[in-house]
Amino acid sequence: MRRRLHLVAVILFLAVLVFDLVVWGAVPGLPEVGESIARSARSEAPLATTFITLGAILDGAVPALERFGAGLFTDALADAFPRIVENPNLAMDLVFSTRLNATHGWLKLLYWAAPVLLLASLLLWVRKPKKVSLIGRR
C-alpha cells in the first residue's frame with residue numbers, strides 16, 4: 001500500500017479541488033449575496049478568491065455544476081445570508097465562523113483540505129519508494 005500512497009493523496013486532492021472549484025465558482029451567481037461574498041473574499045481570502053475565479057470558468061462551461069454548487073453553498077449558508085445582506089463586509093467572517101449546520105461544516109473542512117492534501121501529495125510524491133533493480137540492463 002505504501003507504494004501507491006502518493007497516488008491516493010493525489011486523487012483525493014484532485015477530488016477536493018474539483019469540489020471546491022464547483023462550489024466556490026457558483027458564489028458570484030448567488031442572488032443578493034453573491035457579489036458581497038466575492039468582494040469580501042477578494043479582500044480577505046486569497047484561496048477563496050482563487051477558487052471563485054477558477055471555479056467560475058468551470059461552472060460557466062457546465063451549467064449543471066453551477067446549479068449544484070449554488071444549491072450546496074445556499075444550503076450551507078442560508079442562515080447567514082440576511083446578515084451578509086445587512087453588512088457585506090462580514091461575509092467571509094460568517095463563511096468561516098462557527099458551524100451553522102452540517103453542510104457548512106463540510107464546506108469549511110473541504111475548503112481547508114485542498115491545501116493540506118496538496119502538501120501531503122507533494123511530500124508523499126517526493127518520499128515514494130524508488131524502484132530498485134538488482135540486475136543491471138545490458
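Student: Is Leu5 buried, partly exposed or exposed?

Tutor: This is a predicted model, in which local features need pLDDT of at least 70, side-chain atom pairs count only at pLDDT 80 or more, and totals for chains, interfaces and linings use all residues. Residues are numbered from 1 along each chain as its sequence is written, and side-chain values use heavy atoms, with hydrogens and water left out. Buried means under 20% relative accessible area, exposed over 50%, and partly exposed in between (1.4 Å probe, protein chains only). Because its relative accessibility is 34%, Leu5 counts as partly exposed.

Student: Which helix holds Leu5?

Tutor: Helices here are DSSP runs (H or I, at least four residues), numbered from the N terminus. Leu5 belongs to the run spanning residues 5–25, which is helix H1.

Student: How do the axes of H2 and H3 stand to each other?

Tutor: Axes are lines fitted to C-alpha atoms, for helices over the stretch in contact, and angles run from 0 to 180 degrees between N-to-C directions. The axes of helix H2 (residues 34–44) and helix H3 (residues 46–61) come within 6 Å and cross at roughly 130°. Angles under 35 degrees count as roughly parallel, over 145 as roughly antiparallel, 65 to 115 as roughly perpendicular and the rest as oblique. H2 is therefore, relative to H3, oblique.

Student: Which residue forms a salt bridge with Arg42?

Tutor: A salt bridge requires a side-chain nitrogen of Lys or Arg within 4 Å of a carboxyl oxygen of Asp or Glu. The structure holds 1 salt bridge. With the closest N and O atoms 3.9 Å apart, the partner of Arg42 is Glu35.

Student: Is Arg42 buried, partly exposed or exposed?

Tutor: Glu35, at 43% relative accessibility, counts as partly exposed. Arg42 has a relative accessibility of 53%, so Arg42 counts as exposed.

Student: Is Lys108 buried or exposed?

Tutor: Lys108 lies in helix H7 (residues 102–126). Since its relative accessibility is 18%, Lys108 counts as buried.

Student: How far apart are the C-alpha atoms of Ala78 and Asn101?

Tutor: Ala78 sits in the loop between helix H4 (63–77) and helix H5 (81–86), and with a relative accessible area of 37% Ala78 is partly exposed. Along the sequence, Ala78 and Asn101 are 23 residues apart. In space, their C-alpha separation is 9.8 Å.

Conventions. Helix = DSSP H or I, 4+ residues; strand = E, 2+ residues; numbered from the N terminus.
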